[in-house]
Amino acid sequence: MASLKVLVVGCGNMGTSHARAYHKLEGFKIVGLVSRGAKSRERLSNELGGTPMFSDYAEALATAKPDVVSINTYPDTHYDYVKMALKAGAHVFVEKPLALTVEEAQTLVDLAQKLQLKMVVGYILRVHPTWAKFTEMAQELGKPLVMRMNLNQQSSGDHWHTHKQLMNSMSPIVDCGVHYVDVMCSMTRSKPISVSAIGANLSDEIASDMYNYGQLQVRFEDGSVGWYEAGWGPMMSETAFFIKDVIGPKGCVSISDQDKGASDDVDGHSKTGSLKLHHSELDEKGHFTKKDEIIDTADEPDHDGLCLLEQKYLLDAIRNDRDLTHHLNDAVNSLKIVLAADESVKTGKTVLL
């Protein structure tokens with residue numbers, strides 16, 4: 001079976017990892033790299049053995065005629081780039097979020113399904129074996145659940161520059177929050193009913209109506225609640241910057257990594273180290289009946305390994321005509337929740353879903 005021709009758009013951190021995945025997988029062949037910056041695309045082209053390079057996306061689509069387009073650019077380009085790829089007859093992998101509005105995201109989902117093309121959104125935690133185990137263990141704690149998660153990044157230099165570029169279109173709780181809200185929905189398997197949020201602008205380097213720190217709270221129909229906190233910038237604290245913790249009537253389960261490294265280390269964002277399970281059951285004397293359990297996860301994939309799993313998922317969906325309806329509906333749903341949080345920050349009101 002002939003390899004699928006892939007056009008990789010965006011040659012930054014995510015684009016590089018996904019390009020390495022396509023390069024490794026026999027089912028794909030990279031036919032072009034697109035980036036506005038010559039330095040990044042030349043670096044990646046050299047790493048991959050001289051892959052053709054383009055500075056203009058439309059030209060690359062017309063010239064390379066790809067079967068698959070991998071979009072790893074800033075979120076404000078996603079809607080137009082995905083739409084162009086689909087209309088060119090290409091399957092799509094797109095980094096989260098799918099679009100900047102729920103309406104745009106749904107339009108892309110409808111278009112992909114109308115054209116019978118596969119579209120996968122980069123929810124990397126969905127292919128992460130430890131996060132899958134974390135979700136499964138949370139589902140066994142009973143209801144309601146209390147889900148506590150954050151990812152604060154003390155960024156400087158190039159990382160702070162990237163964060164400022166992202167904040168031209170969205171806040172940290174929107175950009176990163178879609179991952180963790182998606183996990184919460186999977187853990188509860190319940191309908192979210194309301195969202196409230198707070199935010200603060202801690203930098204004169206971003207627009208006055210943007211905020212680089214935010215926290216959202218979401219309520220679910222089954223009584224479960226969750227919060228997610230995210231902040232970007234050189235002022236952010238690295239105390240408790242990575243909390244992934246779920247509590248239920250039967251106990252709690254947490255991602256427990258004592259060596260997270262720097263908060264802006266992208267590889268560390270998906271690293272877990274171990275899972276800690278605590279049982280709440282007491283005996284007749286009021287003592288715990290079971291000791292806490294530590295599940296070692298040291299053999300989990302690194303960031304490039306996770307991107308490889310994402311592209312295997314895409315390849316399987318294309319080759320075996322998998323139905324991605326649930327995947328795409330979940331992508332729209334998580335975006336709806338974090339955009340409601342953004343609305344809550346700006347209005348000071350709880351948003352009903």
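Colleague: Which side chain does Asn 72 join in a polar contact?

Modeller: This is a predicted model. In it, the side chain of Asn 72 makes a polar contact of 3.1 Å with that of Ser 70.

Colleague: Where does Asn 72 lie?

Modeller: In the loop between β4 (68-71) and α4 (78-87).

Colleague: Is Asn 72 buried or exposed?

Modeller: Buried. Its relative accessibility is 11%, and the cut-off for buried is under 20%.

Colleague: And what is Asn 72 in contact with, leaving aside neighbours within four places in sequence?

Modeller: Val 8, Val 9, Gly 10, Met 14, Gly 15, His 18, Phe 93 and Glu 95.

Colleague: Switching to α11. How far apart are its end C-alpha atoms?

Modeller: 24 Å. The helix has 17 residues, 303-319, so at 1.5 Å a residue it should span 24 Å. The two agree.

Colleague: What happens at the start of α11?

Modeller: A side-chain oxygen of Asp 302 comes within 3.3 Å of the backbone nitrogen of Asp 304. Just after the helix, Asp 321 has a positive phi of about 50°.

Colleague: Last topic, the surface. Which residues make the nonpolar patch?

Modeller: Val 146, Val 225 and Ile 247, over about 180 Å². Val 146 belongs to strand β7, residues 146-154. Val 146 is partly exposed, at 32% relative accessible area.

Note on methods:
Residues numbered from 1 in each chain as written. Predicted model: local features only at pLDDT ≥ 70, side-chain atom pairs only at ≥ 80, totals over all residues. Heavy atoms only, no water. Patch = residues over 30% accessible without salt bridge, like charges linked within 9 Å, V, L, I, M, F, W, Y side chains within 5 Å. Areas by Shrake-Rupley, 256 points an atom, 1.4 Å probe, with all protein chains shown as cover. Salt bridge = Lys/Arg side-chain N within 4 Å of Asp/Glu carboxyl O. Helix = DSSP H or I, 4+ residues; strand = E, 2+ residues; numbered from the N terminus. Buried < 20%, exposed > 50% of the residue type's maximum accessible area, 1.4 Å probe, protein only. Polar contact = N/O pair within 3.5 Å; in protein donor to acceptor, adjacent residues only side chain to side chain. Contact = heavy atoms within 4.5 Å. Expected span 1.5 Å × (residues − 1).
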